[in-house]
Amino acid sequence: MSQSERGASDSGLPRVRPAGSTRALSEAYDTALLDLDGVVYAGGKAIEHAVESLAVARDAGMGLAYVTNNALRTPDTVAEHLSELGIPTGAEDVITSAQAVARLISEQVPSGARVLVIGGEGLRVALRERGLDPVESADDDPAAVVQGFGGPDLPWGRFAEASYAVARGVPWFASNTDLTIPSGRGIAPGNGAAVEVVRIATGAEPQVAGKPLPPMHRETILRTGAKTPLVVGDRLDTDIEGAFNGGVDSLLVLTGVTDGAQLLAAVPQHRPTYVDRDLRGMLQGQPEVVEVDGGVRCGGWTASVGDGQLELEGDGDEIDGLRALCGAAWGHAGDGSCSLESAKALDRLGL
């Protein structure tokens with residue numbers, strides 16, 4: 001894929017519009033690094049078109065890796081769930097923030113060192129994989145403390161154990177700091193909320209491994225061997241920012257938490273390379289988004305800025321309209337966030 005196809009961030013300047021691609025993304029990139037919740041499944045059930053799209057991409061030779069900030073479940077458990085949904089997956093295809101933080105710890109403490117675990121089985125399995133010894137008490141003389149999502153039944157006393165050790169100066173690590181996590185009943189507190197409890201109690205700051213930080217991206221590359229990866233996600237502040245920090249391209253799908261208004265207001269590190277409805281976007285090329293007199297065009301739509309708002313003219317595929325709006329909004333905002341009124345333009349697209 002040429003630099004002109006990849007879009008506007010090649011020079012190091014802020015991305016000012018989504019990129020186009022004359023080739024299907026499944027052919028242009030060797031490996032898809034896929035987020036799970038909001039991309040592949042929601043509430044435990046496969047998102048529409050996900051199973052079929054992943055099968056086609058895999059059959060075309062694209063590697064598929066599933067990358068999650070949730071440190072509770074083991075790779076075996078995640079792989080089993082995906083396979084039950086009709087997506088054949090091995091544990092080696094799953095990369096978790098527990099694995100990323102375990103590697104980070106192993107680089108700073110001796111082999112066989114004790115690590116106080118505040119979290120679930122995913123952390124314990126990952127620590128043992130790196131030759132470390134999970135323990136349960138601050139009185140077990142741990143060389144490190146690691147905190148990961150422990151699920152709704154994690155006892156409050158576990159935070160006290162972490163606080164006792166951290167207050168003594170034991171190095172503190174966190175798998176991730178996502179403040180919330182989606183559940184079948186709504187939005188629940190995530191590991192970031194639990195990390196805040198220990199932070200408040202101790203005044204300390206943990207080393208964090210998960211998306212969007214570099215240790216997680218490094219873990220995915222080490223485990224997949226990807227040369228030209230494409231990050232696929234639904235969250236701007238984890239998936240897309242993680243791709244930005246890793247210097248790789250990204251595809252935002254609109255099946256999860258990000259809506260049109262949030263996308264238009266994205267700051268540079270949250271601007272995806274490509275935008276599409278769902279995982280079918282991996283199987284096709286991406287339309288070119290170009291500057292024209294008076295605005296930005298994609299497909300049959302032209303977006304422009306006027307009277308303090310984003311304006312949209314034309315018709316055609318609604319996602320083309322959104323891509324054009326991204327070009328107008330990001331170009332106007334430069335290295336900041338677009339604050340122009342966008343509701344009227346998005347209403348035209350049903351977004």
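Modeller: Contact here means heavy atoms within 4.5 Å of one another. The model is predicted, with local features needing pLDDT of at least 70, side-chain atom pairs counting only at pLDDT 80 or more, and totals for chains, interfaces and linings using all residues. Residues are numbered from 1 along each chain as its sequence is written, and side-chain values use heavy atoms, with hydrogens and water left out.

Biologist: How does H5 lie relative to H9, roughly parallel or roughly perpendicular?

Modeller: Helix H5 (residues 97-106) packs with helix H9 (residues 214-224), their axes, lines fitted to C-alpha atoms over the stretch in contact, being 9 Å apart and the angle about 100 degrees. Because angles of 65 to 115 degrees carry that label, H5 lies to H9 roughly perpendicular.

Biologist: How many residues of the contact of H5 with H9 are charged?

Modeller: From H5, Ser 97, Gln 99, Ala 100, Arg 103 and Leu 104 meet Pro 215, Met 216, Arg 218, Glu 219, Leu 222 and Arg 223 of H9. With Asp, Glu, Lys and Arg counted as charged, the contact divides into 5 nonpolar, 2 polar and, as the number asked for, 4 charged.

Biologist: Which strands do the buried residues of H6 pack against?

Modeller: In helix H6 (residues 121-129), Gly 122, Leu 123, Arg 124, Ala 126 and Leu 127 are buried, that is, under 20% relative accessible area with a 1.4 Å probe, protein chains only. These buried residues pack against H5 and against strands E6 (114-118), E7 (133-135) and E8 (144-147).

Biologist: Which residue just after H6 takes a positive phi?

Modeller: Helix H6 covers residues 121-129. Just after H6, a positive phi of about 80 degrees is taken by Gly 131.

Notes:
Axes are lines fitted to C-alpha atoms, for helices over the stretch in contact, and angles run from 0 to 180 degrees between N-to-C directions. Helices (H or I, at least four residues) and strands (E, at least two) are DSSP runs, numbered from the N terminus. Angles under 35 degrees count as roughly parallel, over 145 as roughly antiparallel, 65 to 115 as roughly perpendicular and the rest as oblique. Buried means under 20% relative accessible area, exposed over 50%, partly exposed in between (1.4 Å probe, protein chains only).
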